[in-house]
Amino acid sequence: MSNMITFPNSIYVISLVGACATTRIAMHYWLSWCLRHDWLDHPGHRKIHDQPIALAGGLAIATSLIIVISGALLLLQLPILSSDTIDSLNHGFGERGIQIAGIVGGIFMMLGIGLWDDRRQPKPGIKFIIQSLAALLVAACGVRVTLFVDSLVFSYAATWFWILLVVNACNFVDNMNGLCAGLGVISAFFFGLHASSQEHYLVASLAFAICGALLGFLPFNYPRARSFLGDSGSHLIGFMMAILSILPHFYHAGYPHRHAVLSPLIILGIFLLDFAWIITFRTLNGLPVYTGDNNHLSHQMVRGGMAQHRAVAILWLFQIFLGLSSITLLMS
């Protein structure tokens with residue numbers, strides 16, 4: 001058995017490292033594709049770059065996640081796994097098979113509306129409808145918020161609201177090199193720690209895979225950008241962050257403390273704080289909510305005299321602190 005992959009820690013490492021490597025490989029292909037097909041973000045109003053940048057991030061991250069999920073299913077057929085590992089993974093896929101199918105469907109929907117937005121910039125109403133359909137799809141597949149309320153209508157409504165909130169928060173925070181992707185790396189890592197500590201093996205593996213996929217993209221985006229996430233990437237990150245915040249059972253018989261359900265709010269703290277700040281700012285100043293501007297938290301820090309890469313790094317550090325705080329919440 002010594003040459004077999006142990007469960008679950010080795011699976012977590014394979015998920016993270018495999019997704020990271022896959023994204024890096026995929027990035028080279030998608031960068032070339034974007035350059036050939038003019039899939040670029042050109043300089044313009046409110047843009048902080050002065051030359052066209054490839055919008056390859058979302059395509060590469062989605063490619064990585066689909067390959068990793070498919071690879072996990074293939075891994076079950078190989079003789080390198082112990083029987084206990086196979087049994088555990090088969091049980092996980094059996095329990096969450098429909099949920100995984102819904103998540104994959106949501107990935108394609110979010111990627112699709114993001115790619116359309118990158119190219120054609122559809123009206124907010126159309127984006128809202130497709131985002132809503134993706135949220136309702138995963139809710140119908142069993143990925144739902146409950147919050148101690150025994151009502152299916154409430155569960156669907158809460159899931160719809162939460163997914164749209166996190167998707168748009170991530171979309172809004174994608175305003176500076178490395179910010180959205182870096183926050184996503186940190187948040188996914190802490191979601192993975194939470195899930196693994198509660199023995200949600202499949203959820204933890206997914207979280208570490210998302211962490212790895214974003215980590216593989218980050219060198220292409222920070223501190224200097226060879227590629228942007230694009231709306232396809234920020235939509236995808238937001239969708240996966242929302243999913244990771246719903247899938248684990250933060251409150252359960254083994255940990256019957258209701259305050260644990262606040263953990264996702266803390267893990268996604270900077271995303272949500274920036275969203276709350278910018279919505280409040282635009283509302284108080286009579287500005288359209290969905291019209292972009294340069295008044296996000298990161299922009300305020302840069303206007304205060306801080307370099308862009310340093311402002312991003314400080315927001316990462318704040319997010320790490322919040323992630324550590326979420327762990328102490330579970331230990332209290």
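Predicted model: local features only at pLDDT ≥ 70, side-chain atom pairs only at ≥ 80, totals over all residues.
## Overall fold

The protein has 12 helices and two strands. Their order along the sequence is α-β-β-α-α-α-α-α-α-α-α-α-α-α.

The chain holds 332 residues, and 52% of them count as buried. Among contacts with a separation of 6 or more, 74% join residues 24 or more positions apart. The protein exposes about 15,200 Å². Carbon and sulfur atoms supply 66% of that area.

## Helix α10

Helix α10 covers residues 269-284, which is 16 residues. At 1.5 Å a residue, α10 should span 22 Å.

Several residues of α10 are buried, including Ile 270, Phe 271, Leu 272, Phe 275, Ile 278 and Phe 281. The buried set also takes in Gly 269, Asp 274 and Arg 282. After the helix comes Gly 286. Its phi is positive, near 65 degrees.

## Salt bridges

Side chains of opposite charge can pair when their charged atoms come close. The whole structure contains two salt bridges.

One of them joins Lys 127 and Asp 117, with the closest N and O atoms 2.8 Å apart. Lys 127 sits in helix α4, while Asp 117 belongs to helix α3, residues 83-120. The two partners are 10 residues apart and link distant parts of the chain. Both Lys 127 and Asp 117 are buried.

The other salt bridge pairs Arg 282 with Asp 293, and here the closest N and O atoms are 2.8 Å apart. Arg 282 lies in helix α10, and Asp 293 lies in the loop between α10 and α11 (297-303), so the pair ties together parts 11 residues apart in sequence.

## A nonpolar surface patch

Which residues form a nonpolar patch on the surface? They are Leu 147, Phe 148, Val 149 and Phe 154. Together they have about 310 Å² of accessible area.

Phe 148 is found in the loop between α4 (124-140) and α5 (152-173). Its relative accessible area is 36%. Because this value lies between the 20% and 50% cut-offs, Phe 148 is partly exposed.

Terms used
Residues numbered from 1 in each chain as written. Heavy atoms only, no water. Helix = DSSP H or I, 4+ residues; strand = E, 2+ residues; numbered from the N terminus. Buried < 20%, exposed > 50% of the residue type's maximum accessible area, 1.4 Å probe, protein only. Contact = heavy atoms within 4.5 Å. Areas by Shrake-Rupley, 256 points an atom, 1.4 Å probe, with all protein chains shown as cover. Expected span 1.5 Å × (residues − 1). Patch = residues over 30% accessible without salt bridge, like charges linked within 9 Å, V, L, I, M, F, W, Y side chains within 5 Å. Salt bridge = Lys/Arg side-chain N within 4 Å of Asp/Glu carboxyl O.
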